[in-house]
Amino acid sequence: MIAGGRADAGGLNPLTLLTGAVVVVALTLLVDAWQFSAAVLAAVLVPALVLSGRHRRILAAAAAILLPTLLSIALINVFFYPEGREVLLAAGPVRITAEGTWFAVAMAFRLCVFVLAFLIFSFTVRAEHLTAALVARRWNPKAVYVLSAALRLAPDIASRAGDISAAQQARGLVIRGGAVSRGRALLMLLVPLVVGLLSDVDERARALEARGLGLPGPRTSLTEAPDSPAQRRFRRSALLLLLLFAVLWIGWRWLR
Amino acid sequence: MISLDCAGFTYHGAVQPALGRVRIQAAAGSATAVVGGAGSGKTTAARLLAGHLTGAGRLVGALRLDGAELRFDGGADDPSLDFARWSEVVGFVGQRPRAQLSGVKDTVADELAYALENRGVPRERMVVQVRHTAELLGIAELLPKSPLQLSGGELQKTVIAASVIAGPRVLVLDEPMSGLDAEARKSLAQLLDVLLGEGLALVVAEQGLQGYAPRAAQVAVLDGGKLVLEGSWREVAASDRLARLPVNGNPYAELARQAAGLGGVGAGGARAAGPEAAALEAAALPLTESEALRFFAGLRPAAGVRVRPVRAAAPGLAGSVPAHDGPAATLRGVTFRYPPPASAWTGRVRRRSEPAAGRPALDGVCLDIPRGRRTAVIGANGAGKTTLLRHLNGLAVPQEGTVDVGGLRTAGHPVGELARCVGYLFQDADSQLFQRTVQREVEFGLRSQGASKAEAAERAAAALERCGLGAVAGEHPFELSFSDRRLVALASILAAGPDVLALDEPTVALDKAGLSLLAGLMREEAAAGRAVVMVTHDLDFAVAQCDDLVLLRDGRLADRGPVLDVVQRLFPAGEQPPEGLTAPLLWKLAEQLDLQPAALTSEAFLAALRSS
Amino acid sequence: MSHPFAATAKTDPAGRRRWLNWLGAALIVGTYVYLIATQPAEVAGGFGNPAGLVTLLGFLGGAVLLLVATLPALPTSTVVLLPVALALNVVVGQIVGTVGLPLYLDSIGTVLVAVLAGPAAGAATGALSNIVWALFNPTVLPFAAGAALIGFLAGWAARLGVFRRFYLAPIVGAVVGVFSGTIAAPIATFVFGGTSGIGTGAIVSAFRAMGDTLLAATTKQGLLSDPLDKAIVFAIVVFLVYALPPRIRTRFDFVRRYRVLAGRRSEETARPAKTGATQG
C-alpha cells in the first residue's frame, strides 16, 4: 500500500501476510539468539523478499530505517558495555568487550528481522484489501475508517503542504539556512495546513454520517480481499502453534 | 415534500441573525433554486434544510419533511434533530466536493458503494445497485477510476451519485456548478434532470441565475439573509429588482437593459427615453439566445440598407496606455514535464489537470508578456495553462528553454525573490492565507520585502481599500466568505506593487460585486503599466476584460493576439467550436446579427448595433 | 412525544467499555513495573529470554485495549478528526526530518486532537498514529503506548485549563515529556538494544561510559530529550489553536464545555454574524 496500491500479494489475504510477519517477529523475540535470527533472515525473509517482486523498494526503505539504528546499536554496545568482562581493546573511556559485541550482533539481527518482516507485509498488501479483510473480521467500523483514511490522507497532506509552501514563497517568503528561520517557516506552513484540514473535517463528518458511518449493525464490502480455506487454516494453526511454543519455551526456561 | 419556514436563525456566538424571514420549499420531482451573492444566507438556508445546523445556532421557525414538522422557538426545550434519520431522506452536497469524499476508497465504484456497505447490503445486490446508479447518472465509465484523479465535473457527479445511492428523496446542493467549465456545467445539469425524473426534490443554492436555476420550477433570491424575490425563473430573471442585487443575473437581460439605457447596479438614474426604451417595454426582456437575437434585431435603427463600418484596429483601453519599453516577461522555447508521481507516502499526488505521463505539459512555448496589457491564457483542461503561469514566478522552472521576468532568469532565483516582481494569485486562495488578521496578511509580503512597519501598514490599508475590504481589516481571513478571501489574497499581492500580476482562475466563485471589482483592478493595474496575465475558463469575462488572448493546446502555443483576432480565428461563423471551449456569448450574438463590434464588450456591441 | 426526526436522549456508551480502559492501562503499567523489577538479570543474562516479546506485547497490547475501549465511543465528528491528526503527525515528522531540526515533533497532531477533543481522543490518536506509521517504519510500533500516554495527558492538561495561558503549555509539555521519556526507555532497551537513532545513541553511550545499566542510560537519555521535544510540541500546538479562526475553535464540544481556551468568549459575542457569510 505504501507503493501506491498496484501490488498484488499473489492471492494472499492481508491477514495471512500479517500472521506470517507476526509469527516470524514473535519467534525471533522469544528465541532471542543471533543464530536463529540469522537463519530466519536467510531462510524466510530473503525468499519472501524476492517473491514479493518489490525487493528494491523494500530494501531502500529498510536501509533508511536500519542504517542509523544499527550504527547506533554498535556505538552503544560495542564500545561501551560496562557489564562486559572479556576486554578486547581498551582506550580511554572506550572498552570493546566480547559480551558487548555479541549483544550488538544479536540486537542487530533481531532488528533486521523485525523491520524486514513488517515492511514486506506493508509493501505487498493492498490498502483496499486490508480494509476489506478488517471489515470481514467485523472490526469496529470507526476503527476501520480511521486506519484506512489515515493511510490515504498522508500523501494528500504532503501535497497540500507543498502547495502552501509554494504559495508562501510566491508571497515573498525566502527560507534561509538558519534553524530559527526554518522553524518560523515550519510554523507558518502549519497554520494554513491545519486550518484547511480542520475546515474540511466538519463537512466530511456530515457527509460520512449521512452515508451511514455511525449506523449500528454489521458491514459489507464491495471489494473483497482474496482468501481461501487453506489460508484460514494456516492463520489459525500458526497462531495456535506460536502460543503453544511460547508457553513451552517460557516454561522450560523457568524450570531450568 | 420539504420546507423551511424560518423566522430567524442566529449562529452561536453571533449577534446578527444569518437568516431572517425566509421560506423555501421543494416538491417531489421539482427543483427550487436559492440564489444570492456572498453572505446572502443561501448556504445557511441550504444547510438548515439538510439538517446540519440545528445545533449550531438558534432557529425560530419550522422544518417540515414528509408531513412531519419540527418546530423551533429558540428556547431550551426545542426538539433536537436526529441527523442520522434526517439524512436518510435528505442528502446534501456542499461547496467543496473533495471534502465529501469518504477518503477511504480507491475507486469511484467503492466510493458509491460506501453508503450501502454501511447498511450491510449484501455484496451481490451492491454490485447491481452501483452499476445501476452509475449508468442512470451517466458516470459508468468513471467506476474504475480513482476519486483523486477526477476532473472537477466528474468529482461533483461522483459525490452526488454517492449521496443519492442509498435513496434519499430530497437532495440539497450548495453551488454545485461553481468552478466548472461550460461543458461540465451542461453535463451536470443533465444529471440533475435525471434525478428530477426519478422523483427527487432538489434544492440548489447558487450565486447566479445562469446555473441550474433556468430549469428550476421555483427561484428564491436571498439578500442579507432575507427573501427578496420569488417566482419562476422568467419572472425573477426579468425583474427590475434583481438588477440591483449582487447576483450574477441573466446576461441577455442585462445587455438588453443596457441597450435600453436602464442600466444595472450603479447606473440607476440615466434612463434614456426614445425608441429603444419603448422597445424594451413592448417586448419582454430576452432571456435566451434566440430571444436575444430577435430582441436585438428589432433594435437595429432601420431595416434598410446597412452600411458596414470598417472595423477599427483593436483599440480597447490599451490604446490609451503609454508605450512601455520591452515585455515584462519573456518565455523562450519553454518545455516542461511533470515528474512521474513517486511513492504514495513521500511523493506528491498527481494534479488533476496534469497530462498523462509522457506528453510534456508545455512544449516549446515562446511568448512575450507585454506591459500595460491584460492577457488571458485560455485552452481546454490539461492544455498547460496553469503550468505556463507557474513558470512566470519560478514555481515551475523550464527543463528546456528560458523564462525571464523583470530582467531575472527564473532558473537562478528562488521563488521568494521573484515574488518582488511577480504577484501570483493561486486558484485555491486559501493556501495563500496564513496570518491571523486580514491586515497582517496583506502586510506580510511588504514586511518580508523590507518595508518598515508603518509603511507596510499604510500600503496594506490602501490595498485593502482598493479591494473593498477596508471594513474587515481586523477579521480572521477564514471568517470571510470565499469571494472575500480571494480578494484578500489579491490585495496582499497588489500591496507589493509587482510588475507582473499572474492570476489563476480569479473569477471562480466571485459574486457580481467581486467580479466588477476584479475587472476594475485589472484595468487600473494595466493602465499603470503593469502586465496582467490571467488563466481562465470564463471566456466571456476574458474577452470583455482583456486585451490579448493566448491559446494553448496540448502544451503548445496554438494562437495569440488581440482578443477579437483570436476569437475570430477560433470561432469562425457556422462551425463547431473547438473541443473544451465555448464561444463567448457576445461573439455568438454579433455573428448571428452580422455585426462587427470593435471589441467584445457590451458597450462596443451596442455601438455596433446602433451603427449597423 | 415521539417524532420521526426528533432525537431522543442517548445513553452513554462509554460506561460499558470503561473496564477495558483500566485493563489496558494496567497492562502498560504492569509491563513497565515487571521490566524495571527484573531488568538487570535480563539484559546481562544474554540470550534466550523473552523480555523483548514481553515489552512488545505488554505495551502494544495495552495500547490496543485502550483503542478498543475509546474508539467506538467517540462521536463521528471526532472520529473524522483522527486520521487528519495521524497523517499530520507523520507528515510533520517527515518534514522535520528533511528540514534538519534536531527534534522529532511527531506528536503535534496527537496533542492538537487532545486539546480540541479531549483525553480519550488524544490517547486514541497517539496509539493509532504509531500503528499506522509502523507500516512504513516498523520501529515506532512498540512506542504506541507512550504516544497514547502523551495524548491522554495532553487532553487532561487541556481540560484543566493549561492551554488558557500561553506560557503554561510548554512547562506542562516538559512534564508530559518526563512521563513519555520514562515509558519509552524499556522499549529502546529491550527491543532495540538501547537506541532509536544516531543522536540518542550518542547520549546513551555517554551514560553507559559512566557505568550506568542500559535501562538507566536510556531512561536518562529519554529524560533529556523528550521533555524538550514535548515542550516545543505543546508550544506549537498552543500557537496553532489560537491561530485557528474562532469559527473552527468553537465548533468542538470539549473546547466549549471545559473552556479549554482563554478569553475568547467576550470577543465572540461582540463579533458580527460573520459565520453565515463564511459559507456564502
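Me: Which residues of α6(A) meet which residues of α7(A)?

Reply: In this predicted model, Arg160(A), Ala161(A), Ile164(A), Ser165(A) and Gln168(A) are the residues that α6(A) brings to the contact, and in α7(A) they meet Met188(A), Leu189(A), Pro192(A), Leu193(A) and Gly196(A).

Me: And how do those residues divide into nonpolar, polar and charged?

Reply: The contact of α6(A) with α7(A) has six nonpolar residues, three polar ones and one charged one.

Me: OK, at what angle do the axes of α6(A) and α7(A) cross?

Reply: Helix α6 of chain A covers residues 141-170, and its axis comes within 10 Å of the axis of α7(A), with the two crossing at roughly 130°. Because of that angle, α6(A) counts as oblique to α7(A), and the crossing of α6(A) and α7(A) is right-handed.

Me: Which helix of chain C does α7 of chain A come within 10 Å of, going by the axes?

Reply: That is helix α9 of chain C, residues 214-243, whose axis comes within 10 Å of the axis of α7 of chain A, residues 179-210, and crosses it at roughly 45°. That angle is why α7(A) is described as oblique to α9(C).

Me: Is that crossing of α7(A) and α9(C) left-handed or right-handed?

Reply: The crossing of α7(A) and α9(C) is right-handed.

Me: What residues meet there, between α7(A) and α9(C)?

Reply: From α7(A) come Leu187(A), Leu190(A), Val191(A) and Val194(A), and they meet Ile236(C), Phe239(C), Leu240(C) and Ala243(C) of α9(C). By class, this contact of α7(A) with α9(C) consists of eight nonpolar residues, with no polar and no charged ones.

Me: Zooming out, how many residues of chain A are in contact with chain C?

Reply: There are 68 residues of chain A in contact with 57 residues of chain C. On the side of chain A that touches chain C, at least two residues each are supplied by several helices, among them α1 (14-31), α3 (55-79) and α4 (98-124).

Me: Which helix gives the largest share of that side of chain A?

Reply: The largest share comes from α7(A), which supplies 18 residues of the side of chain A that touches chain C. Taken as a whole, that side divides into 52 nonpolar, eight polar and eight charged residues.

Me: Switching topic, what domains is chain B divided into?

Reply: Chain B is divided into domain 1 (2-243), domain 2 (251-299) and domain 3, which is made up of 328-342 + 355-583.

Me: How many residues do domain 1 and domain 3 of chain B put into their contact?

Reply: Domain 1 of chain B gives ten residues and domain 3 of chain B gives twelve, while the centres of these two domains, taken over C-alpha atoms, are separated by 32 Å. The side of domain 1 that touches domain 3 in chain B has two nonpolar, six polar and two charged residues.

Technical notes
Residues numbered from 1 in each chain as written. Chains lettered and ligands numbered in written order. Predicted model: local features only at pLDDT ≥ 70, side-chain atom pairs only at ≥ 80, totals over all residues. Axes fitted to C-alpha atoms, helices over the stretch in contact; angles between N-to-C directions. Helix = DSSP H or I, 4+ residues; strand = E, 2+ residues; numbered from the N terminus. Parallel < 35°, antiparallel > 145°, perpendicular 65-115°, else oblique. Left-handed = near helix turned anticlockwise from the far one by under 90°. Contact = placed C-beta atoms within 7 Å. Nonpolar A, V, L, I, M, F, W, Y, C, P; charged D, E, K, R; others polar. Domains from an automatic or database assignment.
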